[in-house]
Amino acid sequence: MSEQVQESQLTETQQLLWKKARSAVDMKNYGYAVSLLKPLVKEVPSFLEGRKVLRMSAIQVNGGKKKKGGLFGGMKKSGISKKDPVVALGELEDALENDPYSETYNEQLYHLGMRMNDLDLAAFALETVRASKPEKTKLLHMLADHYLARDMPDEAIEVYRDILKIDPTDGAAVKGEKDASARASMKKQNWENAQGMSGLLRKDNDQGETEKSNRSGMTKEQMEERLHGLYEKYNQNNEDLAVSKKIAALLEQLEQWDEALTFYNWAFSLSNGDVSLKNKAGAIEEKIRQKEVQLMEEELEKDPSNEELRARIAEVRAAGASQRVEDCKLRVEQNPTDPTLRFALGSALFDMGNPTEAIPELQRARNNPHLRTKAMLLLGQAYQAKKMYDLAVKTLGDAIAELHGMDGTKKDLLYNRGVILEIMGRKDEALENFKLIYDADYGYRDVAQKVESSYGD
């Protein structure tokens, strides 16, 4: 598969252009950003992150609307397929600048990505159509098939669910979601690995042991029996990485968190810096903290005057947030251009009570069209925490304007904006935000009380 170019791999001149484009996006000067990014992605076709920001900027320039026709309406798939891929890619970007949500152009971009063996580019093309909430679901089915072909069943499930929101009677999507869910479950339990490797693994006890450990529906007794056999192997050679990983995974399934953490940490020390094992250990640590907090909160409910216990809960929560920040910073250092990691870091910093450092991370994350709304919601809350109420209201308002349906995210945006407007003393404007929620969802938080009380007795 074609490798994506990362920001660090750009030339000095290209990096300067990229930084200028990002600054233009931050200033909402989307037209200027497009003028900078289009020649950049033509020069560096595999710089997908730049292409994503270019598409988001073009969507903003075009008002976020789909067009019925486009400047390049005469472009045909057959003509594109005969051209040099780089030339064809440049022509498609010219077309998509004026009609970024075009199903025709994005389908051509998908086929071009497949032709270039750039599977991420192909997925991005169809994800753009998905973001526009198309009435026709042909391309969404293509996207789901694309994810399944890449052994990404969880992503396929989400696409099938979007199809069913558009057409609940789509039998192929109903079946597709079920099949993808089964495949995701198989993947989680390592069934495919067991089936694919069974003929190559050691025979007799070793083979039976491996198949048993990966079989669906193992009882607790079976897992404990399997664990006992692995412990015997571990005692014979405690530096066997594979055995330590299997023990850790079984302990995790049995929810023996402390023991699982010990073995994940030991497996990480044996590995050559396997990040996935470190991430596993971090996730287990978080589960242990959550359980500890839950137990302490239950005790606090029985003894609400126990200030020492209350302080301990706050201390554990702070330690957890601090650890999350450290983990996220490490991942960002390893992949600084990944907007998902930037969003995770911004969220962790905000949860730790550090909105100042969270803001630049969330500003970068909002440049990604798939994270934009969530990032703007949290960014508005970060501005609110710093009492920068005007910026908070504007950011949340911009995010609201980009959403059409009244889903959970839009309700959260409206509610947060209403609360900030109340703080600013702009009660009439705040009430309008609450009324929009009230009209769609009477039971959302305390909007019913806020709206009804405004009418008096």
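This is a predicted model: local features need pLDDT of at least 70, side-chain atom pairs count only at pLDDT 80 or more; totals for chains, interfaces and linings use all residues.
Trainee: Which residues are closest to the centre of the largest cavity?
Mentor: Trp 18, Arg 22, Glu 49, Thr 337 and Arg 364, out of 13 lining residues.

Trainee: And which elements give two or more residues to that lining?
Mentor: Helix 1 (12-26), helix 3 (48-61) and helix 18 (339-351). By class, the lining of the largest cavity has six charged, four nonpolar and three polar residues.

Trainee: What lines the second largest cavity?
Mentor: Val 34, Lys 38, Leu 54, Arg 55, Ala 58, Glu 93, Leu 96 and Glu 97. Two or more residues come from each of helix 2 (30-43), helix 3 and helix 5 (85-98).

Trainee: How many of the residues lining the second largest cavity are nonpolar, polar or charged?
Mentor: Four are nonpolar and four are charged, with no polar residues.

Trainee: Changing topic to helix 9. How many residues does it have, and what span does it reach?
Mentor: Helix 9 covers residues 153-166, which is 14 residues. From first C-alpha to last it reaches 20 Å, close to the 20 Å expected at 1.5 Å a residue.

Trainee: Which residues of helix 9 are buried?
Mentor: Pro 153, Ala 156, Ile 157, Val 159, Tyr 160, Ile 163 and Leu 164.

Trainee: Where do those buried residues fall, seen down the axis of helix 9?
Mentor: They fall within an arc of 165 degrees, so the buried residues line one face of helix 9.

Note on methods: Residues are numbered from 1 along each chain as its sequence is written. Side-chain values use heavy atoms; hydrogens and water are left out. Helices (H or I, at least four residues) and strands (E, at least two) are DSSP runs, numbered from the N terminus. The expected span of a helix is 1.5 Å times one less than its number of residues. Buried means under 20% relative accessible area, exposed over 50%, partly exposed in between (1.4 Å probe, protein chains only). The arc is that of the directions from the helix axis to the C-beta atoms. On a 1 Å grid over the protein atoms alone, a cavity is a set of points where a 1.4 Å probe fits but cannot get out, and a pocket is an open set with protein on both sides within 12 Å along at least five of seven lines; lining residues have an atom within 4 Å of a point. Ala, Val, Leu, Ile, Met, Phe, Trp, Tyr, Cys and Pro count as nonpolar, Asp, Glu, Lys and Arg as charged, and the others, Gly among them, as polar.
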